[in-house]
Amino acid sequence: MNSLSTAAPVRVVALRQSYLHFTVSTYSRCIATTGLQCSSLAITNKCSRQPAPKRFISSTPQTQPKGFFPPPTAPSVKEVPTAWAHPIYAEEEMQRVVVGHREAQNWADWVALGSVRVLRWGMDLVTGYRHPAPGKEHEAKFQMTEKKWLTRFVFLETVAGVPGMVGGMLRHLRSLRRMKRDNGWIETLLEEAYNERMHLLTFLKLAEPGWFMRLMVLGAQGVFFNGFFLSYLISPRTCHRFVGYLEEEAVLTYTRAIQDLQTGRLPGWEKLEAPEMAVRYWKMPEGNRTMKDLLLYVRADEAKHREVNHTLGNLNQGMDPNPYVAKYKDLTKPHPSKGIAHLKTTGWEREEVI
Ligand SMILES: [Fe+2]
Ligand SMILES: [Fe+2]
């Protein structure tokens, strides 16, 4: 039994007001006074000294007690079940997830890695995040709050849900166009996009973005979707490597959030229970339904995406079957699967799975 869950758990709805609005007025003041050249740190520090904003800017009127996305009001419908059931993760498997990096081995890998670093820089700027160098974790300028983490998670997940859908869509269209089978890739890619959207919807149960955030997401999606679409037409292999590197960053982000929570830097989350939709989606067992558990589940998903995309990046895009839906002849050794029992940080090499 997880000790956190036994000590007077606090429902998400009880704390929701405190996270309710990412306000834009403070951002606007910061940008107006410091210009766009200022670092995210400068924005953050300056913002923290500003008085509380007088008005909240959100598309959802505050007087409405309903949730950010309330359940549908269809009298005849009992529930809308999930399209893809999530595999069960054991806690010890999730605890084994580690930060990792696949070394770039050719020019395409370097292009993918460089693109992720540029994207990471932009995301750090937008979400007010600075990653500390080893040994500097305790310096005040690197400290994150619950609200800053949620801002980062929401922004990260709105971007993360794009590649799987674009890849799945383009492989679907290619199959139609060429009148050839796809060999099982489409389902895995769409499932990844679905999983990322579930991450987003879960975090949106804890925080509601204001219009500034929505504007940033809109711009980012417009640029990223089109860029990834064109890139996937040119080199799907490089795109899967790119997503593999992007997921390495996601694992790093969630690992640091978990460490912050475990070391007492996020007191608001210590007794916070995971939203109900997360409990149902991940099938979180009783006693393991806290915010820390939720972050462990999400991090494990990101580690799985890291493995899947590095593996897909190792394959012949047009010919090879998807190793994650294949049935293998030799059952005496581990193979790629939907779970995380045999998670590979750098993906499976082609010789291991084809
Ligand atoms: Fe995610
Ligand atoms: Fe991911």
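These are my notebook entries on a predicted model of one protein chain.

**Entry 1: confidence**

I began with the pLDDT values. The protein chain averages 83, and 81% of the residues score at least 70. I then went through the elements of the chain. The lowest mean pLDDT, 35, belongs to helix H3 (residues 25-34), and the highest, 98, to helix H13 (residues 291-312). Over residues 1-66 the pLDDT is below 50, although this stretch has 87 contacts in the model beyond near neighbours in sequence.

**Entry 2: overall make-up**

I looked up the secondary structure next. I found 14 helices and zero strands in the protein chain. The chain has 354 residues, and buried residues make up 35% of them. I also checked how far apart in sequence the contacting residues are. Of the contacts with a separation of 6 or more, 81% are between residues 24 or more positions apart.

**Entry 3: H7 against H9**

How are two packed helices described? By the angle between their axes and the distance between the axes. I took helix H7 (residues 146-160) and helix H9 (residues 185-203), which pack at an angle of about 150 degrees with their axes 8 Å apart. Angles over 145 degrees count as roughly antiparallel, so H7 and H9 are roughly antiparallel to each other. Their crossing is left-handed.

I listed the residues on both sides. H7 brings Leu150, Phe153, Val154, Glu157, Thr158 and Ala160, and these meet Glu196, His199, Leu200 and Phe203 of H9. Sorted by class, the contact of H7 with H9 has six nonpolar, two polar and two charged residues.

**Entry 4: arginine 152**

I stayed in helix H7 for arginine 152. Is arginine 152 buried or exposed? I count it as buried, because it has 21 C-beta neighbours inside 10 Å and the cut-off is 20 or more. Leaving aside neighbours within four places in sequence, I found arginine 152 in contact with Thr127, Tyr129 and Thr253. I also looked up methionine 123, which is 29 residues from arginine 152 along the chain; the two C-alpha atoms are separated by 7.9 Å.

**Entry 5: the loop between H8 and H9**

I checked phi in this loop. Most residues other than glycine have a negative phi. Methionine 179 has a positive one, near 55 degrees, and sits in the loop between helix H8 (162-178) and H9. Asparagine 183 is in the loop between H8 and H9 as well, and its phi is also positive, near 70 degrees.

Asparagine 183 is partly exposed, with 16 other C-beta atoms within 10 Å.

**Entry 6: glutamate 352**

My last stop was glutamate 352, found in helix H14 (residues 350-353). I counted 15 other C-beta atoms within 10 Å of glutamate 352, so this residue is partly exposed. How far is glutamate 352 from proline 323 in space, C-alpha to C-alpha? The distance is 9.8 Å, for a separation of 29 residues in sequence.

Notes:
Residues are numbered from 1 along each chain as its sequence is written. Chains are lettered from A and ligands numbered from 1 in the order in which they are written. This is a predicted model: local features need pLDDT of at least 70, side-chain atom pairs count only at pLDDT 80 or more; totals for chains, interfaces and linings use all residues. pLDDT is the predictor's confidence in each residue, from 0 to 100. Helices (H or I, at least four residues) and strands (E, at least two) are DSSP runs, numbered from the N terminus. Two residues are in contact if their C-beta atoms, placed from the backbone, lie within 7 Å. A residue is buried if 20 or more other C-beta atoms lie within 10 Å of its own, exposed if 12 or fewer, and partly exposed in between; C-beta atoms are placed from the backbone. Axes are lines fitted to C-alpha atoms, for helices over the stretch in contact, and angles run from 0 to 180 degrees between N-to-C directions. Angles under 35 degrees count as roughly parallel, over 145 as roughly antiparallel, 65 to 115 as roughly perpendicular and the rest as oblique. A crossing is left-handed if the near helix is turned anticlockwise from the far one by less than a right angle, and right-handed if clockwise. Ala, Val, Leu, Ile, Met, Phe, Trp, Tyr, Cys and Pro count as nonpolar, Asp, Glu, Lys and Arg as charged, and the others, Gly among them, as polar.
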